[in-house]
Structure formats: structure tokens, C-alpha cells
Amino acid sequence: MSTLIPIRDAGVAAAAVDGVDGFYSPAKQKAANRGAYGNRPLLSLRRAKQFLGAAKFKLFLAFCAFSVVVFVNSRLSSWMGWNPHHPSSVSSTSRGGYTVLINTWKQNSILKQAVAHYASCRSADAIHVVWNESEPPSEMLKTYLDKIVDLKSQRAHKPNIRFGINAEDKSNSRFKPMKDIWTDAIFSVDDDVIVPCHTLDFAFSVWQSAPFTMVGFVPRMHWLDKELNNVAYYRYGGWWSVWWMGTYSMVLSKAAFFHRKYLDLYTNQMAPSIQDYASRERNCEDIAMSLLVANATGGPPIWVKGKIYEIGASGISSLRGHSHRRNKCLNDLISLYGSLPLVSTNVKAVSASNEWLW
């Protein structure tokens, strides 16, 4: 019984088969062919290893594996509906950053902490403070904030800090267009909410891939509660509803990116009846903005998974009756719109650098 060994070419294989027992065997010929051609991948790897050497061969395999990972990741990003590496034609390219729009009301100590933090984020191009008090900010406060921005900034171009002063405390004021905003990206945030810079920069990269969508950290949802006399009534779901159901249809403007054009749409082009309602009810402007963006895009927002911190006292969401007011707000605004533009989704953006398992 002869033993077939890997050989260099088919001609040698045929000679070896013919010379074993002195006669030709198709079965032996077939086996020889399998030995010659079936082992070609192994032979190729063996020759490559001999040619490159052990260390170089490992690097070669690592490069091949990396190429596969990059290709799969690009395909997955496409299937998810956004591509974080695709340059946006509408995002700001001159400075490549975003404007932090801080909404504040009578919390100067917390405002100082927020400004100091966001000034340290490398992609923060400017900081605009929405001031909702009858008295304008003092010169002492302005000077302090200017100094803290210079001290904390990590970039050659120091973020500009500006105040948008509103004599009346109206909830709609946070979406009022401000002068000197040069970036397309707006990061709307409450003064008592801190988002770590690396988390914020990742969310910014997500927004750049879908610049007309709201991209944020606080997801909320809605669902059909009941229908009476051909009128649908919806329920507003908080975080625990999102966690339980695994879906969402809104991200709140207390920590979210959106395009600066929505400031103009909200203030100057949205129906006055909706503006008046949001101003009167006070706790509805974030839902109104979610409805506005959904109505403009016809698509869902994007929730970015990331830890955020609240540095102030408990907000209005902890007050009694908050859930009832949010339900009423949602249904009243849908009625004013005349339709339901919200789109539900279960997709979330997660930074692979913060996950131990892909």
C-alpha cells in the first residue's frame, strides 16, 4: 500500500500513481489529484510562512483578520442605517465641532460646573447659554466663565461663550435661534446634565452620519393606549418603559444633538398653536421638538448608549403628576399636528471602545 504525499505538480502525481503497481487505476489517479489540489491552500500557507518567516507570517494573518473585521463592521453600519465613517455634506467642516447650547435658570453654581466641563471637550466649538431670567447675567459671572473657558479648553481655538438673554422664562426660549452659531451641530443640554467628553464625541460622530436626525442620550417612547370614537389615545413611556419594551420613538432635548436649522423651524415656522401650547404647559417643549424633527425627517431618532450624570437636585420628572402631564402633552400635541409623526425603533448606537465584547 503506497502513501500519497504532497508533490509539486500533477505530472509527477500521475507518474507516482502509474509506477506503484505497474498499472493505471482511476481511483488512485483521483486520490492523487485530491492530494495535489485539495492541499493547495495548506501548501500556499506553508510556502508563505517559509517565505515570510514566522514573525512576519503572524503579522500577515493579523492584517487579514483586521481587513475582515473592517469590512464586516462597514456592512453592519450600513444595515443599521448609519455609517459613522461617512463624511456628512452638511456638517460643519471648517472647525469640525459643535455648539453646546446650555439651558439654565437660577443655578449659577451648576452653570459654572457645566461650562467648565464642556469647555474641556475637544470638539466643542462654542458654548451658548440660554439665560431665562429677568435680570441679565452679572459682569462678574461673565468674566468668571470667560476665564474658566480659557483655563479648561483643550484646543488651540478657544470656544466662544455667548449668552442668549430672554427676559421671560419661557420653555420655548431654549430653541430660539441665536446669533454667531457657526456649526451645523447643536448639542442641547440642561445645565445640570454632564455628558463625559469621550461619550459626547462619539455621539457627535453618530450625528455626523445622520445630521438631520436627533441623536441623544435620553430615550422615551409612546404606544397606543386605547381608541374611543375613532380617536386614538397614546401613553408616554419613560426610561423603564423603554428598558422593558426595548423600543423608543423620542430622545429628549435635555441631552441631544440636532441640526441648527431646527431652531429656526421651531421658532419661526412651527404652527403658532403648538408654540403657544408648549409655552403655556411649560413641560412640553422637548416633546414638541421630537415631533417637529420626526415630522421633517419621517424617521426615528438615534439613541446613543452612554452614561450621563445629573449634578443638580431632582428635576420636574420626579414631581407628583408628572406622568399624567406628559401623557396629556403628548396627546394634545398629536391632536394639534393632526397626525402622529413619531417613528419607533430599537436601534441604539454603542461605542465599541467601551464594550468588552463585540
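Which residues does I127 touch, not counting residues up to four places away in sequence? In this predicted model, I127 touches V100, I102, V115, Y118, A119, V149, N160, I161 and R162, where contact means heavy atoms within 4.5 Å. Local features need pLDDT of at least 70 and side-chain atom pairs count only at pLDDT 80 or more, while totals for chains, interfaces and linings use all residues. Residues are numbered from 1 along each chain as its sequence is written, and side-chain values use heavy atoms, with hydrogens and water left out.

**Overall composition**

- The secondary structure of the chain comes to 12 helices and 13 strands; helices (H or I, at least four residues) and strands (E, at least two) are DSSP runs, numbered from the N terminus.
- Of the 358 residues in the chain, 42% are buried, buried being under 20% relative accessible area, exposed over 50% and partly exposed in between (1.4 Å probe, protein chains only).
- Among the contacts in the chain with a separation of 6 or more, 79% come from residues 24 or more positions apart.

**Sheet and the helices across it**

- An open sheet is formed by 8 strands in the order β3-β2-β1-β4-β10-β6-β11-β13, with mixed pairing; two strands pair if DSSP finds at least two bridges between them.
- The edges are held by β3 (160-165) and β13 (348-349), each of which has a single partner strand, so one side of each is left without a neighbour in the sheet.
- Strands of a sheet pair through backbone hydrogen bonds, either parallel or antiparallel.
- Strand β6 (residues 215-216) pairs with strand β11 (residues 302-304) in the parallel sense over 2 bridges, and the bridge partner of V215 in β11 is I302.
- Helix α6 (residues 139-152) lies across β2 (124-131) and β3, running at about 150 degrees to β3; axes are lines fitted to C-alpha atoms, for helices over the stretch in contact, and angles run from 0 to 180 degrees between N-to-C directions.
- Helix α9 (residues 261-269) lies across β1 (98-104), β4 (185-190) and β10 (255-259), at about 90 degrees to β10.

- T104 is found in strand β1 and counts as buried at 2% relative accessibility.
- Not counting residues up to four places away in sequence, T104 touches L111, V129, V130, W131, N132 and D191.

**Aromatic pairs**

- The count comes to 14 aromatic pairs. Rings of Phe, Tyr and Trp (its six-membered ring) pair if their centres lie within 6.5 Å; planes under 30 degrees apart count as stacked, over 60 as edge-to-face and the rest as tilted.
- The rings of Y98 and F257 have centres 5.2 Å apart and planes at 80 degrees, so this pair is edge-to-face.
- Y98 lies in strand β1 and F257 in strand β10, so the pair ties together parts that are 159 residues apart in sequence; both Y98 and F257 are buried.
- F175 and F258 also form an edge-to-face pair, with 6.2 Å centre to centre and 70 degrees between the planes.
- That pair links F175, in the loop between β3 and β4, to F258 in strand β10, 83 residues apart.
- F175 counts as buried at 0% relative accessibility, and F258 likewise counts as buried at 0%.
- Ring pairs link Y98, Y118, F187, F204, W207, F217 and F257 into a cluster.

**Helix α12**

- The 16 residues of helix α12 (residues 322-337) should span 22 Å at 1.5 Å a residue, and the end C-alpha atoms are 22 Å apart, which agrees. The expected span is 1.5 Å times one less than the number of residues.
- The buried residues of α12 are H322, R326, N327, C329, L330, N331, L333, I334 and Y337; they pack against β7 (219-228), β8 (231-237), α10 (272-281) and α11 (285-297).
- Just after α12, G338 takes a positive phi of about 85 degrees.

**Loop between β7 and β8**

- Most residues other than glycine have a negative phi.
- N229, found in the loop between β7 and β8, has a positive phi of about 55 degrees although it is not a glycine; N229 is exposed, with a relative accessible area of 76%.
- N230 is found in the loop between β7 and β8 and has a positive phi near 65 degrees; at 75% relative accessibility, N230 counts as exposed.
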